[in-house]
Amino acid sequence: MTSGFNQADKCVSLQDLVSRVPNGASLALGGSFLHRGPFSFVRELIRQNKQDLEIIKQSPGYDIDILCRTGTATKARAGIVAMEGNFGLAQYYRKAVEQQRLALEEHACATLTAGLRAAAFGIPFQPCGGIEGSELAQLNNWVKIADPYGSGKEVWVIPAIQPDYAVIHANEVDRKGNVRVLGTYHWDRIMSRSAKSVLVVAEKMVEDTVFTDNPETTLIPYFMVEAFSIVPNGAWPGSCWPDYEIDYPAVQAYLDPDQAAFNQHLNAAPELQEHA
């Protein structure tokens, strides 16, 4: 039986999607390094001159780097940050931290995930192993608690981390807002469960039957999604498997410190070509 479901207003333009983010918001950005990040969304944040954003991500790369380059991000909770082996460290992110233009709460990927899990579970903190020998606990004022079951051991606990928004780049959505990612989804699932709201950029919209025939492939159900936008090639210059790979020449061009080259990079973005 076909229902009268009508949530067409969930499908909005990229500009409208980004306009929902207020200055000062915290954003958990999906993907990893140069792979399937919501990069069209990130560039639109810059075009809309968003300010004082906090970025939350276990393994950011191009996304946090470009937001640091433009001064859009002023706070971050992040694990490893890099442009992958081809390009090394994220240079504009590094400069922002060194010049204290970005307030960094440094994490391991596991500790940041623990904080997101605590928020997803609705609890104030989450135990996490593997911290011994690191100075992260001292830097972040994390504490240990005794095992309440009497083993005599102590465990580090990470406070809950609840982003205002999880922003996910996906392969497919349907008209209701169900979300599917092909291949690894990195930390996107826990980001979507921990955030107050979820915004999605997708490569394409598919029929409902794609999801109803294979419900186990749904990464994020529609009722968790506030809105979504369709932006083909929206993860450029990164990859979105199996549709396209990293555009390495474009990443190299982005790293050019010349402002004119940077403007050219922004103007060459696929989201602008789609709406030209």
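Asp188 and Arg36 are both buried, a term that denotes under 20% relative accessible area, with exposed meaning over 50% and partly exposed the range in between (1.4 Å probe, protein chains only). Their side chains meet in a salt bridge, at 2.7 Å from N to O; such a bridge is a side-chain nitrogen of Lys or Arg within 4 Å of a carboxyl oxygen of Asp or Glu. Asp188 belongs to helix H8, while Arg36 sits in the loop between strand S1 (26–29) and helix H2 (39–47), so the pair ties together parts that are 152 residues apart in sequence. Helices (H or I, at least four residues) and strands (E, at least two) are DSSP runs, numbered from the N terminus.

The model is predicted: local features need pLDDT of at least 70, and side-chain atom pairs count only at pLDDT 80 or more, whereas totals for chains, interfaces and linings use all residues. Residues are numbered from 1 along each chain as its sequence is written, and side-chain values use heavy atoms, with hydrogens and water left out.

**Salt bridges**

The count of salt bridges comes to 13. Three of them are listed below.

| Pair | N to O distance |
|---|---|
| Asp188 and Arg36 | 2.7 Å |
| Glu54 and Arg77 | 2.8 Å |
| Lys57 and Asp63 | 2.5 Å |

Glu54 and Arg77 form a salt bridge. This pair links distant parts of the chain, with Glu54 in strand S2 and Arg77 in strand S3, 23 residues apart. Glu54 counts as buried at 13% relative accessibility, while Arg77 is partly exposed, with a relative accessible area of 21%.

**Helix H6**

Helix H6 covers residues 109–121, which number 13. From its first C-alpha to its last it reaches 18 Å, close to the 18 Å expected at 1.5 Å a residue; the expected span is 1.5 Å times one less than the number of residues. Its buried residues include Thr111, Leu112, Gly115 and Ala119. Their cover includes strands S2 (53–57), S3 (73–78), S5 (125–128) and S7 (154–159), together with helix H8 (188–194). After H6 comes Gly122, whose phi is positive, near 70°.

**Confidence**

The mean pLDDT of the protein chain is 94, and 96% of its residues reach 70 or more; pLDDT is the predictor's confidence in each residue, from 0 to 100. Over residues 1–5 pLDDT stays under 50, and the model has three contacts (heavy atoms within 4.5 Å) for them beyond four places in sequence.
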